[in-house]
Amino acid sequence: MNWLGCWSSRSLMWAMLLGLLVGCGPQGGGLLNGREPSSQSGVQRSGCVTDAWVAKVGDDWDTHLTAIFQNTGASVVYDLGVKTTIRSGWILADNDDTYVVSVSEDGKTFHTAWEAKGEQGYGLRPRIGSFEASGRYVKLQATGGDGHYSVSELQLFEDAGVRGPIGVKASRGRHPTEVARTSMLHLGLALMIA
């Protein structure tokens, strides 16, 4: 029996298993990357906030790559699992609104950690913040501006001074009706071909 070949196969199997396990959690884009909200209220397409797909700077506020916050009471809350110190953040959101990141230890009483103020220019605009706050839960809400609230991506980091997004993929955002129309056209073509 070839023990070397057997050992190599087992090593390869363990290496692949370890790779799968390491790849399961949030990584690359900070504390929220890939996390689903533990709760949400009044937010459409909330998965866009942490999916590592970002619209282009200047894209329209309402695209398939943005979560829409219906009003100032709308929010998404993320459970980090343990109390964590957050020192910096990056957000790509509609230009003329303020986006508030709050933290909580119990998921009930939240304290403001960062206010990402409105920016000059049209459409989606990035904001960078340095701050220090600790908590297990993170809440994102919008306020002020013109009442059209949207977020393409939020990243939070334990490290201070992170200056931009990490591990994101950028794409041109398209209005949801355009996405639906294109999908229907593709379905129609597929049915005609079949």
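Ile68 stands opposite Ser150 in strand β9. In this predicted model, local features need pLDDT of at least 70 and side-chain atom pairs count only at pLDDT 80 or more, whereas totals for chains, interfaces and linings use all residues. Residues are numbered from 1 along each chain as its sequence is written, and side-chain values use heavy atoms, with hydrogens and water left out.

Strand β4 (residues 67-69) pairs with β9 in the antiparallel sense over three bridges; two strands pair if DSSP finds at least two bridges between them. Strand β5 (residues 75-94) also pairs with β9 in the antiparallel sense, over six bridges, and here Ser88 stands opposite Phe157. Nine of the nine residues of β9 are buried, where buried means under 20% relative accessible area, exposed over 50% and partly exposed in between (1.4 Å probe, protein chains only).

## Surroundings of Gln155

Gln155 belongs to strand β9 (residues 149-157). Gln155 counts as buried because its relative accessibility is 1%. A polar atom of its side chain lies 2.8 Å from the backbone nitrogen of Ile166.

Beyond neighbours within four places in sequence, Gln155 is in contact with Gly29, Ser88, Gly89, Trp90, Gly164, Pro165, Ile166 and Val168; contact means heavy atoms within 4.5 Å.

## Aromatic rings

The count of aromatic pairs comes to one. Trp114 and Phe131 form this pair, which is stacked, with 5.6 Å centre to centre and 20 degrees between the planes. Rings of Phe, Tyr and Trp (its six-membered ring) pair if their centres lie within 6.5 Å; planes under 30 degrees apart count as stacked, over 60 as edge-to-face and the rest as tilted. The pair links distant parts of the chain, with Trp114 in strand β7 (residues 111-116) and Phe131 in strand β8 (residues 124-143), 17 residues apart. Trp114 is buried at 8% relative accessible area, and Phe131 is buried at 12%.

Elsewhere, the charged end of Lys139 sits over the ring of Phe110, 4.5 Å from its centre. This description requires NZ of Lys or CZ of Arg within 6 Å of the ring centre and within 35 degrees of the ring normal.

## The chain as a whole

The secondary structure comprises two helices and ten strands, in the order α-β-β-β-β-β-β-β-β-β-β-α along the sequence. Helices (H or I, at least four residues) and strands (E, at least two) are DSSP runs, numbered from the N terminus.

Of the 194 residues, 38% count as buried. Among contacts with a separation of 6 or more, 78% are between residues 24 or more positions apart.

Technical notes. A polar contact is a pair of N or O atoms within 3.5 Å; within protein, one must be able to donate a hydrogen and the other to accept it, and residues adjacent in sequence count only if both atoms are side-chain atoms.
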